[in-house]
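This report describes the sheet, the domain division and the interfaces of the structure shown below. The text should be read alongside the sequence and the coordinates.

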Protein chains: 2
Amino acid sequence: MPDARKNDLSRVEALIFDVFGTVVNWRDSIIVEVSKAAAEHGMPEGDWGRFADEWRAWYGKSTRELSSGEGHWRLVDEIHREKLDVLLAEYGLADVMSEEAKVDINRAWHRLDGWPDSPSGLRRLKSKFILATASNGNLALLVNMAKHADLPWDAVMSPDVYGAYKPSPKVYQNASKLLGLNTDQVMMVAAHTGDLEASARQGLATAFVYRPLERGADNLVEMPDTSAFDISATDFNDLADQLGCD
Amino acid sequence: MPDARKNDLSRVEALIFDVFGTVVNWRDSIIVEVSKAAAEHGMPEGDWGRFADEWRAWYGKSTRELSSGEGHWRLVDEIHREKLDVLLAEYGLADVMSEEAKVDINRAWHRLDGWPDSPSGLRRLKSKFILATASNGNLALLVNMAKHADLPWDAVMSPDVYGAYKPSPKVYQNASKLLGLNTDQVMMVAAHTGDLEASARQGLATAFVYRPLERGADNLVEMPDTSAFDISATDFNDLADQLGCD
């Protein structure tokens with residue numbers, strides 16, 4: 001990959017963010033919602049961590065296919081629903097839940113909680129930079145999530161706006177274009193190195209944010225090699241410090 | 001036009017806004033910036049109100065053409081620049097201003113001030129509804145303006161997102177689709193009746209907001225017939241009152 005450390009950070013005017021895992025704690029939020037819905041339908045016991053992980057894995061597989069132009073175009077809400085139906089059947093919940101309850105649990109992804117530093121850290125960053133999403137979630141999902149988790153985006157952008165899924169180069173190029181900026185005036189912020197590597201290849205600056213708990217406390221994410229990125233931060237307040245925000 | 005008053009407003013979850021004139025006072029903002037730039041370039045006298053009106057009229061003509069599929073697709077930043085060059089030549093400023101100064105004055109449209117009630121009224125509305133733009137301004141312009149004028153949008157959407165210019169039906173349909181809502185769950189808010197009539201034809205609810213000063217204090221906008229719209233409000237705080245916001 002290119003030497004991302006060469007970027008002149010004084011040129012950066014906008015930060016674009018990976019959302020699932022980087023801004024919001026998807027796993028714990030999904031476990032809470034799924035276990036609650038299961039209990040309400042007479043199923044108090046279950047490995048809801050595995051349920052959440054398998055749901056998330058299907059999203060990963062499906063969006064990777066879409067990023068490389070395979071599969072029929074669909075929104076993450078639809079991708080989530082495909083796998084939800086499979087999982088509910090597997091866990092014995094398909095026949096006891098109404099369609100309304102299924103729609104509601106699929107919308108748990110619209111109600112993910114932020115990491116503790118997300119609202120305050122994003123507000124500090126917002127005082128100096130334009131903040132936008134560069135998520136594979138669809139626009140409606142991201143807008144609803146922002147209201148739920150108090151995420152003060154300046155612009156919500158998504159595959160239904162970009163016309164592509166990450167890590168397609170189009171996402172990083174179109175994000176910069178829509179914001180009226182050159183790619184080196186935009187910094188990608190993510191907890192996932194693949195996202196940062198793909199953005200660096202398009203000329204964006206890069207900031208890694210370490211989210212050790214994304215896979216749960218029993219399965220801590222190891223700190224990766226971040227030497228190729230412009231910034232490595234422990235959370236959004238650390239990122240705000242390193243970027244000179246008040 | 002359809003009888004918009006039939007809408008069930010309890011279904012409305014999102015408000016989408018016309019911006020120029022409805023949310024921001026484009027005319028006074030442009031007059032201030034143009035007269036200041038002209039004075040700095042040795043031209044203290046000039047009919048800057050006429051300059052602003054002619055600049056705006058070109059935007060109106062150009063976006064109407066684009067809404068009906070005529071002309072080559074371009075962003076409002078480019079439409080503004082086309083007419084700026086004509087006006088600067090006409091007012092004797094073309095040769096005395098640097099390219100940098102021309103770029104800066106074209107960006108005056110990114111720095112328009114809100115009407116006095118805009119930040120507070122939008123915040124009240126935001127506590128109950130999703131707030132999004134449905135402007136013909138491009139995304140970068142609207143994002144920069146929101147930061148300048150303290151406009152707390154949940155989503156900034158524009159022709160570079162919608163793929164169409166108002167009053168094309170596509171804008172109102174795509175706004176609803178991107179927000180994951182049916183058209184009757186979305187209310188168009190505008191100071192211009194044509195925009196509201198076009199949105200009502202696509203099934204949206206409608207709110208007229210009266211902005212008598214949009215054309216200047218010497219040329220007050222008359223109150224139109226608003227009987228076909230769901231709501232007629234004097235400003236955003238009145239709209240918030242009528243929609244039951246705290």
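A salt bridge is counted here when a side-chain nitrogen of Lys or Arg lies within 4 Å of a carboxyl oxygen of Asp or Glu. The structure is a predicted model, and by this rule two salt bridges are found across the interface of chain B and chain A.

**Contact between the chains**

In one salt bridge, the side chains of Asp154(B) and Lys147(A) meet at 2.6 Å, N to O. Over all chains, the count by the same rule comes to 36 salt bridges. The pair crosses between chains: Asp154(B) belongs to the loop between H6 and H7 of chain B, while Lys147(A) sits in helix H6 of chain A.

The interface brings 18 residues of chain B into contact with 18 residues of chain A. Between them, chain B and chain A bury about 1400 Å², with 62% of this area on carbon and sulfur atoms. Polar contacts are also present, and the count between chain B and chain A is eight residue pairs, both residues at pLDDT 80 or more. On the side of chain B that touches chain A, the elements giving two or more residues are helix H6 (139–149) and helix H7 (159–162) of chain B. Of the elements on this side, H6(B) gives the most, with five residues.

**Contact between the domains of chain A**

Chain A is divided into domain 1, made up of 4–25 + 112–242, and domain 2, covering 26–111. The C-alpha centres of domain 1 and domain 2 of chain A are 24 Å apart. Their contact involves 25 residues from domain 1 of chain A and 22 residues from domain 2 of chain A.

About 2000 Å² is buried between domain 1 and domain 2 of chain A, and carbon and sulfur atoms give 55% of that area. Within domain 1 of chain A, the residues that lose the most area to domain 2 of chain A are Asn25(A), Leu112(A) and Tyr165(A), which together account for 34% of what that side buries.

How many salt bridges does the rule find across the interface of domain 1 and domain 2 of chain A? The count there is zero, whereas twelve residue pairs are in polar contact across this interface, both residues at pLDDT 80 or more. On the side of domain 1 of chain A that touches domain 2 of chain A, two or more residues come from each of helix H6 (139–149) and helix H7 (159–162) of chain A. The largest share of that side, five residues, is supplied by H6(A).

| Interface | Buried area | Share on carbon and sulfur atoms |
|---|---|---|
| Chain B and chain A | about 1400 Å² | 62% |
| Domain 1 and domain 2 of chain A | about 2000 Å² | 55% |

**The sheet of chain A**

In chain A, five strands form an open sheet with parallel pairing, in the order E2-E1-E3-E4-E5. Strand E2 (130–133) and strand E5 (231–233) of chain A are the edge strands, each pairing on one side only. On average, neighbouring strands of this sheet are turned by 25° against each other, direction ignored.

At one end of the strand order, strand E4 (residues 205–209) of chain A runs parallel to E5(A) and is joined to it by three bridges. Ala207(A) stands opposite Ile231(A), a residue in E5(A).

Methods: Residues are numbered from 1 along each chain as its sequence is written. Chains are lettered from A and ligands numbered from 1 in the order in which they are written. This is a predicted model: local features need pLDDT of at least 70, side-chain atom pairs count only at pLDDT 80 or more; totals for chains, interfaces and linings use all residues. Side-chain values use heavy atoms; hydrogens and water are left out. Two strands pair if DSSP finds at least two bridges between them. Helices (H or I, at least four residues) and strands (E, at least two) are DSSP runs, numbered from the N terminus. Axes are lines fitted to C-alpha atoms, for helices over the stretch in contact, and angles run from 0 to 180 degrees between N-to-C directions. Domain bounds come from an automatic or database domain assignment. Contact means heavy atoms within 4.5 Å. Buried area is the accessible area (1.4 Å probe) that two parts lose on being put together, summed over both. A polar contact is a pair of N or O atoms within 3.5 Å; within protein, one must be able to donate a hydrogen and the other to accept it, and residues adjacent in sequence count only if both atoms are side-chain atoms.
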